[in-house]
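Have the sequence and the model open side by side. The paragraphs below walk from one site to the next.

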Amino acid sequence: MAMTVIEAIILGRNDNYEPQWTEKLLAAIAYNRAVLTRDGYEFRVAFVEWNPPAGNPLLAPMLVERFPYVRCVVVAPEVHKAICQGPMPIMLNPAINAAVRTSEADYLVVTGGDCFFGRALADRIARGGLLGNRLYRAERVNIRADIDFVSATPAEIEDPANIVSVDTCSEPPYDRPPYTNASGDFLMMDRATMTGLRGFDEAIDFSKLHLDSRLCWTCMDAGMDCELLGRIFHISHTQSYVNAGGAYDSQSYVTEVGLPYLNPEVWGLGGFAWRRDGDRIWHVGMGAANAPAPALDREASARAEKVRAGLTALHAKRNDQDPVDGACEIVKLPLDWIWVAPIASRDESGVIEGAKGVVDNVAALSLPDKLLPPKKSERRWIFLSLDVLQGDLVVEAIDQTYRPPTLVRASKEPVGIWLEMPPESKAVRFGRFRGNGPAVRLKIREARLFGRFRPSPRKEISRGLYGRVKYRLQRFFGPS
């Protein structure tokens, strides 16, 4: 019987990220191999060495020499400079995705070089097996950094006396699937499904925050099951997001935008030049694109395509807010109903400017109080004509619960967007997408409210004068 291969994806580089980080990495690799390799299971590692600093030797040659079950992907600094739009030295999403693209394992687990898998987690995998189309998670327990990890036993690693804190998966709101709290240190699924997802969201090229949560939410959108396997034990260190606070080398943003996300065909550094160095090291640099295609058999390819097709359809349904045929204008909304946030300002020409460095509300446009509420059989949309002069803007119906915010980027030309307004919504919110970019500057040129009764078995009315008249009659007297 063939062994089930679980491959851990770990990122890093030789930059003294933490004291003795390399020694801890080596200890974690060996420890997890010993804990997880059981009858029927084999543990391997894909190490991605991203943006290695000049003057320091690469870790990849040492790792493949020491561990016959480790392979490496080395990504050149030039690639980092070409795609990174933020201050961080390592980009998580394309790095992880490059390992996914080149994996041949049955299951992939995204984890850290300072994480030790719990015995109960390993027992659960060995006893219960693993299923496809399922997201496996683990609760992260943070432990002291002064343990001798090279010689530490499972009993020492899991000793309650060594626990610093727990990123709970048993208390609200983190006590239900997909258990997003500190999820980036253990995200596991079958490779076919991960390939169908195309890995982590590569559109977030300026931050490391919440990429794990966006993957979790997209997994749920893909119809995956989710199971909490147990615990992992993570070395508490000063540069983690929890401990670093405002000094963390990343920036905040509105994490719900564009879900489920869709990566392009060249995901996982597919648009760059790949070169082999022996059997277990890839080098990725600038040049003509020649990335290897994911090595999936026919059945796995079909499963990946099914995941991809489902996400594509859901993305279109959730993010495409254009009105259906037959929608007619109800009213042109008065722009003097625009509220400007205290952290923003508006000049005489109507240009609104938000505060720099803050992800928050910039302005809001309210519906007139005298407007009749929608009937049960009615749908409504707002059309907005905007000048987005600077920054990245998010626009959404306030109190909406079933659509992600719309992202509008700065443009030299006016931008027209549609928003479907749920019955309970009374206003549209304009906000800042991310923290450390330029302040948002926008002007709302016009806003128009449209409506449409849901189709009946009768012939649908067309656009034009007859349709407008019939719509207005229906607004007051109900559908005929």
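The side chains of threonine 406 and glutamine 321 make a polar contact at 3.4 Å. A polar contact here is a pair of N or O atoms within 3.5 Å; within protein, one must be able to donate a hydrogen and the other to accept it, and residues adjacent in sequence count only if both atoms are side-chain atoms. Threonine 406 belongs to strand 19, residues 406-409. Helices (H or I, at least four residues) and strands (E, at least two) are DSSP runs, numbered from the N terminus. With a relative accessible area of 19%, threonine 406 is buried. Buried means under 20% relative accessible area, exposed means over 50%, and partly exposed lies in between (1.4 Å probe, protein chains only). Leaving out residues up to four places away in sequence, threonine 406 touches Gln321, Leu393, Val394, Val395 and Leu419. Contact means heavy atoms within 4.5 Å.

This is a predicted model, in which local features need pLDDT of at least 70, side-chain atom pairs count only at pLDDT 80 or more, and totals for chains, interfaces and linings use all residues. Residues are numbered from 1 along each chain as its sequence is written, and side-chain values use heavy atoms, with hydrogens and water left out. The pLDDT is the predictor's confidence in each residue, from 0 to 100. Its mean for the protein is 91, and 91% of the residues reach 70 or more. Over residues 244-248 the pLDDT is below 50, and this stretch has seven contacts in the model beyond near neighbours in sequence. Residues 474-480 also stay under 50, with 18 contacts beyond four places in sequence. Where pLDDT is low, the predicted coordinates should not be read in detail.

Turn to the rings. The structure holds 11 aromatic pairs. Rings of Phe, Tyr and Trp (its six-membered ring) pair if their centres lie within 6.5 Å; planes under 30 degrees apart count as stacked, over 60 as edge-to-face and the rest as tilted. Tyrosine 31 and phenylalanine 116 pair edge-to-face, at 5.2 Å centre to centre and 80° between the planes. The pair links distant parts of the chain: tyrosine 31 is in helix 1 (residues 21-36), phenylalanine 116 is in strand 5 (residues 115-117), and they are 85 residues apart. Tyrosine 31 is buried at 8% relative accessible area, and phenylalanine 116 is buried at 0%. The phenylalanine 67 and tyrosine 69 pair is tilted, because the planes lie at 40°, with ring centres 5.4 Å apart. Tyr31, Phe116 and Phe149 form one aromatic cluster.

Charges also meet rings. Arginine 33 lies over the face of tyrosine 69, 4.2 Å from the ring centre. The charged end of arginine 101 sits over the ring of tryptophan 267, at 5.2 Å from its centre. The criterion is NZ of Lys or CZ of Arg within 6 Å of the ring centre and within 35 degrees of the ring normal.

What about the cysteines? The structure holds zero disulfides, a disulfide being a pair of cysteine sulfur atoms within 2.5 Å. For cysteine 216, the nearest cysteine sulfur is that of cysteine 219, 6.3 Å away. Cysteine 216 is buried, at 0% relative accessibility.

Proline 260 is buried, with a relative accessible area of 0%. Beyond its neighbours within four places in sequence, proline 260 contacts Thr218, Asp221, Leu311, Leu314, His315 and Arg318.
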